[in-house]
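Please open the model in your viewer and keep the selection tool at hand. The stops below follow one another, each with something to select.

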Amino acid sequence: MSAAPTSTATPAERIAGKWQIPAFLAAGLALAVVALQVKSPDRKLSIDEHLVQLREFNTLGLFNTAIERCERLLAWDDLTETEHGAIGLQLARAEFGRWAAEGDPEPEAAKLVIGRYALAQGQGAELAAIDERNRARAFEHLHKYELAVKHYQRAVEKGGPSALADRRRIIELSEYPLRVETAQLGQLIDEFIELAVNDPQQLLWGLTLKIEHAASAGAEPVGDALLAGYREHFQGDVLQAEYTFLRALALRNTGRYDEAERVLRDLLNRVTLADPVYPKAGWLLGRVVMYDGRAQRPDEALPIFADVIASQSDPTFVAASRVARAEALVSLLRYDEALVAFREAV
């Protein structure tokens with residue numbers, strides 16, 4: 001039996017070769033060293049240097065580490081009010097980060113975030129858009145929706161890449177649960193659409209809401225003329241399909257049922273079950289077939305709704321199709337099946 005081969009690699013070669021220490025271990029060691037500093041924050045570091053590390057902790061998601069460091073720093077008796085505010089702001093961000101990461105449903109966690117931000121602001125800290133957004137989310141958790149809208153609006157005023165998303169959330173809360181006046185909501189939607197022209201997905205959402213809002217408010221329906229002005233903003237098969245759905249929705253809402261049905265059937269012939277537009281287009285086609293302003297065709301609508309339900313895709317339109325299917329069964333006097341369908345929807 002031959003002797004087992006022995007390696008002639010030098011220690012340096014071994015480190016550089018297959019015995020190389022994984023990079024993540026080195027990174028972990030570095031984090032451990034930094035974390036140890038939390039136990040006794042070094043007074044040789046300036047407050048600005050501590051703040052740099054606190055920002056890094058929050059960026060890395062090391063919220064507990066940031067919180068402990070902040071609390072120890074705030075125990076120093078020689079801090080200025082400005083330094084208190086700066087550290088308090090990082091503490092508020094860390095508290096929010098931990099709350100959001102853990103998904104803590106308890107109201108006390110949201111109240112703590114709000115309190116931390118209020119204290120930091122009272123000590124002169126200048127809040128950024130992200131801080132106002134964090135406060136808004138905490139107020140939402142407490143069902144204080146008017147205050148949530150107030151802070152989302154402040155986030156919008158401070159600008160940034162999330163301003164459009166903040167505007168969208170303001171509209172969502174204004175529509176429900178706040179139920180603001182119809183005219184005010186319509187103005188918010190119009191402003192949103194104007195600002196969303198370079199963001200096709202947000203523009204689709206705004207135009208869809210405008211069409212639905214006009215129908216529910218009894219206002220003049222949104223027709224092809226308005227939508228035609230935005231067609232060029234939707235390039236590519238997916239966005240064109242979404243735009244086609246919008247056209248069908250507008251046609252249905254203006255009473256042009258035959259045209260809406262033709263547009264939807266053509267659309268469904270061109271997309272697959274995996275396309276995001278499929279469930280909403282199927283649901284709308286079923287609704288048009290059931291309520292076309294003339295003779296209802298619930299028997300024809302049933303298999304359409306069944307296909308949407310079977311797709312198991314968008315939960316909103318799957319749920320809506322379950323309800324619509326139950327209504328179709330009622331129209332056909334198939335009450336036992338309708339009862340089962342309503343229970344499934346619930």
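Two residues are in contact here when heavy atoms lie within 4.5 Å. The model is predicted: local features need pLDDT of at least 70, side-chain atom pairs count only at pLDDT 80 or more, and totals for chains, interfaces and linings use all residues. Residues are numbered from 1 along each chain as its sequence is written, and side-chain values use heavy atoms, with hydrogens and water left out.

Select Leu264 first. Leaving aside residues up to four places away in sequence, Leu264 touches Phe245, Ala248, Ala281, Leu284, Leu285 and Val288.

Now widen the selection to the largest nonpolar core, which has 53 residues. A nonpolar core is a set of buried Ala, Val, Leu, Ile, Met, Phe, Trp, Tyr and Cys residues joined through side-chain atoms within 4.5 Å. Buried means under 20% relative accessible area, exposed means over 50%, and partly exposed is in between (1.4 Å probe, protein chains only). Leu207, Phe234, Phe245, Leu264 and Leu284 touch the most other members. Helix H13 (residues 237–253) gives the largest share of this core, nine residues. Helices are DSSP runs (H or I, at least four residues), numbered from the N terminus. Another core, of 22 residues, lies apart from this one, and includes Ala109, Ile114, Ala138 and Ala148.

Next, select helix H6 (residues 107–122) and helix H7 (residues 129–141). At what angle do they pack? The angle is about 145 degrees, and the axes are 9 Å apart. Axes are lines fitted to C-alpha atoms, for helices over the stretch in contact, and angles run from 0 to 180 degrees between N-to-C directions. Among the residues making the contact are Val113, Ile114 and Tyr117 of H6 and Arg135, Ala138 and Phe139 of H7.

Move to the loop between H6 and H7 and select Ala128. Ala128 is partly exposed, with a relative accessible area of 30%. Ala128 touches Arg93 and Lys158, again not counting residues up to four places away in sequence. The C-alpha atoms of Ala128 and Ala155 are 7.4 Å apart, although 27 residues separate the two along the chain.

Last, select Trp283 and Phe317, both buried. Their ring centres are 5.5 Å apart and their planes are at 55 degrees, so the pair is tilted. Rings of Phe, Tyr and Trp (its six-membered ring) pair if their centres lie within 6.5 Å; planes under 30 degrees apart count as stacked, over 60 as edge-to-face and the rest as tilted. Trp283 lies in helix H15 (residues 278–290) and Phe317 in helix H17 (residues 315–331), so the pair ties together parts 34 residues apart in sequence.

Key
Helices (H or I, at least four residues) and strands (E, at least two) are DSSP runs, numbered from the N terminus.
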